Amino acid sequence: MTTAVAPMVVATESGMSWWQLTRLGFVQAAIGAVVVLLTTTINRVIVVELGLPALIPGLLVALHFGVQLFLRPRLGHDSDRSTRRTPWILGGLLVCALGGVGVAASIPVMATNVALGVTLASLASVILGAGVSAAGTPLLALMSERAKPSQRAGAAAITWILMIVGIIITAATSGMLLDPFSYTRLIAIAGGIGGAGLVVAWLATWGVERGPRPIMPAKADHDGATSFAATFRTVWREPAARLFSGFIFLAMFAYSAQDLILEPFAGIAFGMTPGESTKLSGAHHGGVLVGMIVAALLATRTGQLRHWAAAGCAASALSYLAMVASPALSSVTVFTAIVVVLGLSNGVFAIGAIGSMMALTGDKTDGRAGLRLGVFGAAQALAYAVGTMSGAAGVDLARAVLASPVRGYLAVFAVQAVLFGASAWLAMRSASSERATEVFQQRGEMLSAVIQ
């Protein structure tokens, strides 16, 4: 007795050139450029110029991440059922740009009517998060499907590095154009960044997605006979997908928790001035970039992306343990070296994690790359939303319980070390689970062939 299986539509295998992958990296840079205005400039204006609590921009950032938790899987699934992902990318970036302008436009309203302004900013943050979901998830799915296995580590490095470059350029440019400050100027800059991002994305995607998708979903999925909920359950039943989602959440939680506490700790524990702590943060980000480049070069030759992700997490855990011991050493030089090593470790982890996401989706033959990346993106968004605020809140709680500001920071660093250690274990477990699943599936296919 045979069982009918819905046919798969598989195109001839074709990989992207490095130039095409680099062009798609500029789309991620455009997305980062639009989002960074909320996390930097608008954040500062709300707190300094308007004199409102820092909780407001914190909640707006958390809201923009929170909406991604629900939209990334759904929009990734919808893009899977489309013949081309480029319209999703460009449409998502348009929505993202509108959300960025909307947040900026809410600031003058907030100056005269706080409740109305915050309401408008919240709505705009939701739109911004929706745009990031609609553009970012299909973008990574496109790269996962089209990139060759040997290109994934490099593609991950290109995407992340160009995103950082886009953030740096946007922050520097908007900083120069904002003086003398005015609300009209802020809105104009937000519109200019959104418009420039759309042009960059249009040029970057032009002609890249030629021909049919390498892999389309099964016919039932493509015709909509299989609902999103059913398809989501199918993906979530995969042990490797669940374990890797847990890895992404824990690792990104630990990574994002340091955003608001590293520089204050440097000032409290080592007496660094604002300028010195800013340079320290720059050294950390420099280490991240170097770690990314080195990991991309080595992983391209050796493969085993999840092993690199686990190694980066393990090294990050050890770096945080060294940071816990740093006040006892009373050496700014040693502390700076620890921060640089932490950056290198974070860079290795980032490339391993993003490359693993691409491999875990690109190697599948069911055409659900967008949905899988949406699930992983949702885990990442939740981790960032919770982690960014938990780091600062954890410090306040720990310093109150331990009656020492320094000990409060050290307690959070110790927790981050534990989280990164657990992340390394989950990364290895997910790799083992996927290998076991592949063997099981191969045996099942052999048995089906014998029965037929």
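A polar contact here is a pair of N or O atoms within 3.5 Å; within protein, one must be able to donate a hydrogen and the other to accept it, and residues adjacent in sequence count only if both atoms are side-chain atoms. The model is predicted, so local features need pLDDT of at least 70 and side-chain atom pairs count only at pLDDT 80 or more, while totals for chains, interfaces and linings use all residues. Residues are numbered from 1 along each chain as its sequence is written, and side-chain values use heavy atoms, leaving out hydrogens and water.

View 1. Thr 170 sits in α5 (residues 152–177); helices are DSSP runs of H or I with at least four residues, strands are runs of E with at least two, and both are numbered from the N terminus. The Thr 170 side chain gets to the backbone oxygen of Gly 166 at 2.7 Å. With a relative accessible area of 9%, Thr 170 is buried (buried is under 20% relative accessible area, exposed over 50%, partly exposed in between; 1.4 Å probe, protein chains only). Skipping residues up to four places away in sequence, Thr 170 touches Ala 33, Val 36 and Ile 193, where contact means heavy atoms within 4.5 Å.

**View 2. Gln 416 reaches over to Tyr 320.** Look for Gln 416 in helix α15. Its relative accessibility is 1%, so Gln 416 counts as buried. The side chains of Gln 416 and Tyr 320 make a polar contact at 3.1 Å. Apart from neighbours within four places in sequence, Gln 416 also contacts Ala 254, Ala 257, Gln 258 and Ile 261.

**View 3. Aromatic pairs, with two picked out.** The whole structure holds 18 aromatic pairs; rings of Phe, Tyr and Trp (its six-membered ring) pair if their centres lie within 6.5 Å, with planes under 30 degrees apart counted as stacked, over 60 as edge-to-face and the rest as tilted. One of them is the tilted pair of Tyr 255 and Phe 349, at 6.2 Å centre to centre and 55 degrees between the planes. Tyr 320 and Phe 420 are stacked, because their ring centres are 6.0 Å apart and their planes are at 15 degrees. Tyr 320 is in helix α12 (residues 305–329) and Phe 420 in helix α15 (residues 405–451), so this pair ties together parts 100 residues apart in sequence. Tyr 320 and Phe 420 are buried too.

View 4. Helix α1 (residues 18–49) has 32 residues and runs 45 Å from first C-alpha to last, close to the 46 Å expected at 1.5 Å a residue; the expected span is 1.5 Å times one less than the number of residues. A kink of about 35 degrees is centred on Ile 42 in α1, the bend at a residue being the angle between axes fitted to the seven residues ending there and the seven starting there. After α1 comes Gly 51, with a positive phi near 65 degrees. In α2, a kink of about 40 degrees lies at Leu 71, shortly before Pro 73.
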